[in-house]
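The sequence and the coordinates are shown first.

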Amino acid sequence: MSAEAKQDVAAETTERRINMIEAINEALDIMLERDPDVIVMGEDVGYFGGVFRCTAGLQEKHGRTRVFDTPISECGIIGVAVGMGAYGLRPVPEIQFADYIYPGLDQLISEAARLRYRSAAEFIAPMTVRSPFGGGIFGGQTHSQSPESLFTHVSGLKTVIPSTPYDAKGLLIAAIEDNDPVIFFEPKRIYNGPFSGFYDRPVEPWKKHPQSVVPEGYYRIPLGKARLVAEGEELTILAYGTMVHVAEAVAKEKGVDADILDLRTLVPLDIEAVEKSVEKTGKCLIVHEATRTSGFGAELSALVTERCFYHLEAPVTRVTGFDTPYPHSLEWAYFPGPVRIGEAIDKILKD
Amino acid sequence: MADPADKPPRGGDNRPALALHVPEPKSRPGDPVDFSDLDIGEAGSQPRPDEGAHPSEMTGLAYDLIRVLGDDDRAHGPWDPKLDPETLRTMLRHMAMTRAFDERMFRGQRQGKTSFYMKCTGEEATSIATSMALASDDMVFPSYRQQGILIARGYPLIEMINQIYSNKGDKLKGRQLPIMYSSREHSFFSISGNLATQTPQAVGWAMASAIKGDSRIAATWVGEGSTAEGDFHSACTFATVYNAPVILNVINNQWAISSFSGFAGAERTTFAARALGYGLAGLRVDGNDPLACYASQLWAANRARANKGPTLIEYFTYRAEGHSTSDDPSGYRSAQEREDWPLGDPVKRLRDHLIAIGEWDEDRQAAMDKECAEQVKEVTKEAEKNGILGHGLHQPFRTMFEDVFEELPWHLKEQAEQATRERIKKFGEKGPNR
Ligand SMILES: Cc1ncc(C[n+]2csc(CCOP(=O)(O)OP(=O)(O)O)c2C)c(N)n1
């Protein structure tokens with residue numbers, strides 16, 4: 001945990017280690033407890049506790065009108081959340097897989113994102129749409145997508161992606177308290193443990209990982225603040241979600257002295273942290289799992305080029321998923337793993 | 001200034017407080033089950049209107065339950081399709097084969113040979129009997145629980161298993177999640193993981209067939225849970241507006257993962273009754289009665305073929321097993337439900353019917369079950385020679401970049417080279433399947 005992150009801890013830190021699913025569950029539990037306006041809803045989230053168990057036990061504890069199942073209708077789920085937000089509630093809808101957010105896109109893009117603007121703040125849509133995203137679990141092309149850049153392109157939406165249980169809890173609490181619509185993407189590959197990108201090596205569970213020390217009770221991590229994962233001089237790596245862990249593992253294996261920034265929120269972006277790091281190292285590598293063309297990496301690359309051009313000693317480089325759908329059996333060839341990242345690092349350092 | 005939305009208006013204290021209704025199934029794990037309120041009617045007592053009848057003349061059938069097979073295992077009433085014993089035995093065989101196939105593939109997933117599987121146990125009639133009532137070149141737009149259609153249409157089992165194992169024999173090149181088959185040759189549309197998207201597509205296909213003066217019709221299958229999606233309602237609107245030659249089959253198996261049918265609106269009306277507001281013909285059918293399934297689908301097919309319009313059919317059935325291999329139904333529903341399901345098991349019902357009419361016996365059934373199991377086992381072994389799902393080592397690398405576009409553009413060419421470089425780095429020049 002960085003010094004900065006530690007400052008955000010309002011509650012007392014204990015050595016309790018939990019996984020990301022439990023951290024998310026705790027954040028929801030705390031917010032349901034603290035704020036009677038918080039509502040959790042989505043396909044299978046009630047009695048069953050969600051297909052990934054993120055909402056397990058919440059209905060039993062908080063009642064059926066606070067935590068409930070919905071029809072299979074993503075446009076309904078998000079549209080209803082807009083109305084609830086306008087009333088004054090803080091809905092936290094779950095979209096079962098990010099791949100299924102598309103039927104709800106119009107409600108998100110044309111309605112939720114613009115309600116405040118079009119009504120001159122008479123109405124707001126303070127909702128947090130949670131959704132597991134990304135690949136690495138053999139989900140095939142309809143359970144593996146990373147659609148974050150669709151949302152970063154829309155004005156009025158905030159996009160948050162945690163990479164550790166600690167962050168997941170603190171960021172989710174902050175997202176729920178935020179008065180704007182937030183898309184909260186949960187990297188499902190690291191729900192149960194960090195991931196080095198080597199699919200053929202055992203995954204270390206969060207229970208054993210120092211980054212999973214999560215304080216009990218309420219704390220928040222402000223949106224718009226990146227986390228410095230590692231400090232280095234040679235190169236800056238910008239990543240979020242699962243790719244933070246892959247980048248970290250690769251840098252360690254290669255012995256590269258890299259500054260690794262976990263962006264944590266894409267919108268609003270911690271541009272200061274990005275500038276500060278790139279100005280120090282002069283080299284920038286961007287890593288994400290989403291397809292390459294028009295991905296969020298393109299935006300990052302443009303920003304870095306615009307703002308740090310005179311500090312750059314090598315072309316800003318992107319490592320991403322390929323521009324193909326996520327193929328079921330070739331998942332590991334698609335995944336931007338250690339070889340792809342390693343190659344890019346070699347190239348940048350040579351320049 | 002505080003955000004106006006921070007202070008929601010509250011009702012006056014002297015007015016009654018409103019309450020939200022959140023549906024809850026009648027039983028949960030450990031609870032006894034009571035299906036006594038289900039009105040399953042008398043087999044044979046439902047009228048069979050003319051296939052060209054106006055929807056307003058048959059509103060009752062959207063609430064009733066069309067049944068043919070009675071408790072005496074005999075066929076009754078005007079919906080009896082009067083199939084010859086040979087056809088009935090073929091139907092039974094497809095059902096037994098589907099069940100044997102499901103058993104083996106489910107086990108295969110547990111043994112780590114693939115990532116995922118979905119059974120259709122208890123719902124076999126809704127795909128097998130129904131598709132047997134269609135012409136083999138009628139286009140079907142299935143959801144993911146209609147493996148029975150492929151089996152009834154004679155799609156080779158080995159192709160199904162190759163797909164499930166994502167191995168080198170997989171015609172879909174290892175791209176799709178297991179069970180998301182596709183076979184143009186068998187007029188079986190490629191399955192999507194995005195629920196209900198196939199419903200307007202089926203209507204579109206049917207419209208195209210009508211535009212072209214073709215004689216083929218389309219049919220689609222969708223779960224009752226998925227009828228809540230906007231796509232389904234768009235499909236109904238287009239179907240009625242253009243009088244599309246299409247059949248919209250809703251498989252009401254009572255559960256959508258852990259959510260009971262009440263979350264799709266079942267507490268208030270039937271799914272067949274959805275048809276009425278659109279002006280579609282609506283039938284509600286006992287989905288565990290293979291003869292009723294066959295007869296209703298044939299009725300709707302004849303209607304569509306005669307340009308008399310689309311039909312929405314609800315097949316009332318029960319999902320006897322879990323939603324998929326990723327799910328444990330004992331966590332959300334009473335184990336007793338399956339036992340107590342009042343409409344029985346479709347395979348058993350058909351078997352008992354054949355026995356009752358003197359065209360079958362227990363020994364032949366046992367022999368057939370055994371034969372099916374052995375055949376599946378053999379084909380599985382054959383398919384395993386093409387590999388099982390194993391970290392992507394079966395599909396040649398370049399296949400990942402094929403079919404994104406008709407022609408490979410520069411950026412994908414570059415990315416394909418990148419993938420090959422990575423593979424060599426990882427496995428060396430002699431690495432697998434470059
Ligand atoms: C658009 C979309 N939303 C959510 C899902 C996740 N999901 C897969 S199956 C399923 C339940 C479907 O239930 P139902 O339509 O009743 O069909 P059944 O599984 O009972 O055959 C859900 C919610 C999905 N695949 N697509």
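Which strands of chain B does helix α6 lie across? In this predicted model, helix α6 (residues 230-241) of chain B lies across β2, β3 and β7 of chain B. Its direction runs at about 150° to β3(B).

**The sheet of chain B**

The strands concerned belong to an open sheet of five strands in chain B, ordered β1-β2-β3-β7-β6 and paired in parallel. Strands β1 (139-141) and β6 (281-286) of chain B stand at the edges; each has a single partner strand, so one side of each is left without a neighbour in the sheet. On average, and with direction ignored, neighbouring strands of this sheet are turned by 20° against each other.

Helix α2 (residues 124-132) of chain B also packs on the sheet, where it touches β2, β3 and β7 (311-316) of chain B. The direction of helix α2 makes about 175° with that of β2(B). As for the pairing of β2 (residues 218-223) with β3 (residues 246-252) in chain B, six bridges join these strands in the parallel sense. Within this pairing, A218(B) has V246(B) of β3(B) as its bridge partner.

**The domain interface of chain A**

The domain assignment divides chain A into domain 1 (7-190) and domain 2 (224-350). The table gathers the computed values for this pair of domains.

| Property of domain 1 and domain 2 of chain A | Value |
|---|---|
| Separation of C-alpha centres | 26 Å |
| Residues in contact | 26 residues of domain 1, 23 residues of domain 2 |
| Area buried between domain 1 and domain 2 | about 2000 Å² |
| Share of the buried area on carbon and sulfur atoms | 59% |
| Salt bridges across the interface | two salt bridges |
| Polar contacts across the interface (both at pLDDT 80 or more) | 14 residue pairs |

Which residues of domain 1 of chain A lose the most area to domain 2 of chain A? They are F138(A), I161(A) and S163(A), which together account for 25% of what that side buries.

In terms of secondary structure, the side of domain 1 of chain A that touches domain 2 of chain A draws at least two residues from each of α7 (148-152), β5 (158-160) and α8 (165-177) of chain A. Chain A also has a salt bridge in which the side chains of R227(A) and D167(A) meet, at 3.4 Å from N to O.

Terms used. Residues are numbered from 1 along each chain as its sequence is written. Chains are lettered from A and ligands numbered from 1 in the order in which they are written. This is a predicted model: local features need pLDDT of at least 70, side-chain atom pairs count only at pLDDT 80 or more; totals for chains, interfaces and linings use all residues. Side-chain values use heavy atoms; hydrogens and water are left out. Two strands pair if DSSP finds at least two bridges between them. Helices (H or I, at least four residues) and strands (E, at least two) are DSSP runs, numbered from the N terminus. Axes are lines fitted to C-alpha atoms, for helices over the stretch in contact, and angles run from 0 to 180 degrees between N-to-C directions. Contact means heavy atoms within 4.5 Å. Domain bounds come from an automatic or database domain assignment. Buried area is the accessible area (1.4 Å probe) that two parts lose on being put together, summed over both. A salt bridge is a side-chain nitrogen of Lys or Arg within 4 Å of a carboxyl oxygen of Asp or Glu. A polar contact is a pair of N or O atoms within 3.5 Å; within protein, one must be able to donate a hydrogen and the other to accept it, and residues adjacent in sequence count only if both atoms are side-chain atoms.
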